[in-house]
Amino acid sequence: MNTIIDIFNILLPILYAMLVWFYAKDFLGNQPLHKNIRALLLFPTVAIHLIYLTLRTAAFDHVPITTMFEIMSIISFGVAVVYVSIEYAINVKGTGVFILFLSFLFQIISSLFIEDLIEVKQVLRSRLLGTHVTSALIGYVGLAIAAMYGFLYIMLYHNIKAKRFSTYYLKLPNLEILERMTTISITIGFIFLGIAIAVGIVWLPSAFEQFSYFDPKLVITVCIWILFGVSIMAKRYYGLRGRRFMVLAIAGFMIAFFSLTIGNLYFTDFHNFY
Amino acid sequence: MDLFIIGINHRTAPLEVREKMWLSIDEKRHMLRHCIKHFFSECFVVSTCNRTELYGIVDEKQFPQQSHSSHYQEIQDFFVAYKNFESQLRPENLYKLTSVNAIKHLFRVAAGVDSMVVGDVQILGQIKDDFQLAIDEHTAGTMMHKLLQSALHLGKRVRTETTIMEGAVSVSYAAVELANKIFADFDHRKALLIGAGETGELTAKHLAGRGIGELFITNRTRQKAEELASTIGGSVVEFENFHSMIATVDIIISSVTATEYILTAAQIKNSLKQRRHSPLFIFDIGVPRNIDPGANDIDNVFLNDMDSLSNIVAQNIHKRQLELPKVNELILEELKNIHQWYRSLQVGPTIVDLRNHFENVRREVVSEHINRFSEKEKELVELVTKRIVNKLLHHPTVTLRNGHDETESQKKSRLDLVRSLFGLSGRVHNEEKSETH
């Protein structure tokens, strides 16, 4: 099994690199060959990544969340899954190059430095912890992708406003589609963060004696979750849309990113498993 | 291949000549019937607002090579006289092309690079329709089928492999394209046309063509608005009441003559609150401008005037020009393919004869000796002798098919040599022709 894991570990960054390459060629050109190849590669790559993560879990008896480089592979997978969901839901392929580049970046770093750890803390072998961390990661990935689409929206919005009709203008999907993509990404992020919070609240008190509902990471995550939940509601019922919604998506992610970074740096307590 | 073309187009003839030479479907049918009877073994005619062209394969049996020029003159006389317009048609309005130049011309037309606007999308559909007419009239044979199929295939390749057909090249269409960069689809969108100017009308027509959900038309003269509404579909709104529509429509096209803005930035801003900040696309065609330019500074309002859209058009035309080398390469590729096909068609009869000859010899020898074998062995003998013949003929067949670099005379002498060596009956060119037609 370890040989297959090693092969997949080498294969995955190559597959992601190929995907990014063909999505970029398709974005800049108009060759049917590039379209066909990237369409053929997408699902097998994500499937191989899923098999790789499953094999790692089975072989080393823990969900691959025990080191930074294992987590990077999960993030890479999360990005790819969120992107595939969006592409499948909206059938627009013009943004793959921007999103899948993140998958490639995280996976290549992971593949280069990942170690096959057999000995890990007992708590890290918990499947509930695996679900909690994986959901949280996919949730944040959803929010990150929403911010990325928000950024593309703002870029195209200003292109149209300023009458600059560049390659981005020609190749990016229209504003309405970009807004839908952002909404889907935020919704995915909201759902997965919700799962992470729910699992955490149920499981953490039984796993850690020193558990506190005022744990900074928990408080920050719940605040972010509420913020995006309110945004979704505001969009649906109060007409929060267009540029303002995109600014909120970007700002929300930035708040999440910086508050979690600060939380991790200055408020280390039980919510640190390594 | 003796393909001949005679025609006029936007480069050789002004509009008043082109419109006189334009052919209706019945006229095209009649022309095809006449030409197949008197001039060609196969023919096809294409007639659009920018060109009328007659394509034909000259029947070699009826008109040998030496009499081609007089034959072409006859066709020209017929073409010129067809619409009783010969007195106003000047010689420079016409062009005649033959052989490779004619095929190349057909391919350029299908690729949209011979059109008035480079990268014309419509011409491919027009060729397709006119080709169907030739099929219906039984004037399209093997050659014409192959030529037209190659031309249509080329047109599709040009559309998918290059960007020469992309980007709007008229201001009205550019406005619709730009609106499409804001809205994903138009079927649940509403548009308001203020005024009944030509560009505004065209833009509204494009929107209707793209399936706009609802179209409202308003004009100072209600009758004009009603006429337009009946032509392109839509509802008429009183000019005095159009302000109330701003909160509900997604696209506004304005082309009225007014000394002051008919819509101020403040009015648009107020309407946005009512429309819950849903994006609003405004196309101001009026000169002087109808809409306060300050509206473009409002969130989710996209205001465009003639200048900004003319820039898009100029950019798109330039981009299409840059795609020309790619299109020319595709044309060249398709020309090579058709040349290869034509050559394989010429050697085909000789290969068939050669294979038939070997098969006859095999059968003759096998039948002489077959009784010496048992029933089981007979099948084996059949199989083995067939394999021997196939093996023997494989290399000569491949060599005959691959003579792409040879001149016509080299190829002819080689085919003659093969025929005389193996005693194949008939001269090669006679058989080739019977195969071709």
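Because the model is predicted, local features need pLDDT of at least 70 and side-chain atom pairs count only at pLDDT 80 or more, whereas totals for chains, interfaces and linings use all residues.

**View 1. The parallel sheet of chain B.** Chain B has 15 helices and ten strands; helices (H or I, at least four residues) and strands (E, at least two) are DSSP runs, numbered from the N terminus. Six strands form an open sheet in the order β7-β6-β5-β8-β9-β10, with parallel pairing. Two strands pair if DSSP finds at least two bridges between them. Strands β7 (235–236) and β10 (301–305) of chain B each have a single partner strand, so one side of each is left without a neighbour in the sheet. Strands of a sheet pair through backbone hydrogen bonds, either parallel or antiparallel.

View 2. Strand β5 (residues 190–194) of chain B runs parallel to strand β6 (residues 214–218) of chain B, and five bridges join them. B:A191 has B:L215 as its bridge partner in β6(B), and B:I194 stands opposite B:T218. The chain passes from β5(B) to β6(B) through helix α8 (residues 198–209) of chain B in a right-handed β-α-β crossover. A crossover is right-handed if, with the strands pointing away from the viewer, the path from the first strand over the helix to the second runs clockwise. On to β7(B), two bridges join β6(B) to this parallel strand, and B:F216 stands opposite B:S235. Helix α9 (residues 222–232) of chain B lies on the path from β6(B) to β7(B), and this crossover is also right-handed.

**View 3. Strand β8 of chain B and its partners.** From strand β8 (residues 251–254) of chain B, B:I251 and B:I253 point one way and B:I252 and B:S254 the other way, and all are buried. A residue is buried if 20 or more other C-beta atoms, placed from the backbone, lie within 10 Å of its own. Four bridges join β5(B) to β8(B), where B:L193 has B:I253 as its bridge partner. Four bridges also join β8(B) to strand β9 (residues 280–284) of chain B, and there B:I252 is paired with B:I282. With helix α10 (residues 265–274) of chain B, strands β8(B) and β9(B) make a right-handed β-α-β unit.

**View 4. The largest nonpolar core.** A nonpolar core is a set of buried Ala, Val, Leu, Ile, Met, Phe, Trp, Tyr and Cys residues joined through C-beta atoms within 7 Å. Of the 113 residues in the largest core, A:L100, A:I145, B:A191 and B:I282 touch the most other members. Helix α5 (residues 127–161) of chain A gives the largest share of this core, 19 residues.

**View 5. The side of chain B that touches chain A.** In all, 21 residues of chain B are in contact with 17 residues of chain A; two residues are in contact if their C-beta atoms, placed from the backbone, lie within 7 Å. Helices α6 (142–161) and α11 (306–322) of chain B each supply at least two residues of this side of chain B. The largest share, four residues, comes from α11(B).

Methods:
Residues are numbered from 1 along each chain as its sequence is written. Chains are lettered from A and ligands numbered from 1 in the order in which they are written. A residue is buried if 20 or more other C-beta atoms lie within 10 Å of its own, exposed if 12 or fewer, and partly exposed in between; C-beta atoms are placed from the backbone.
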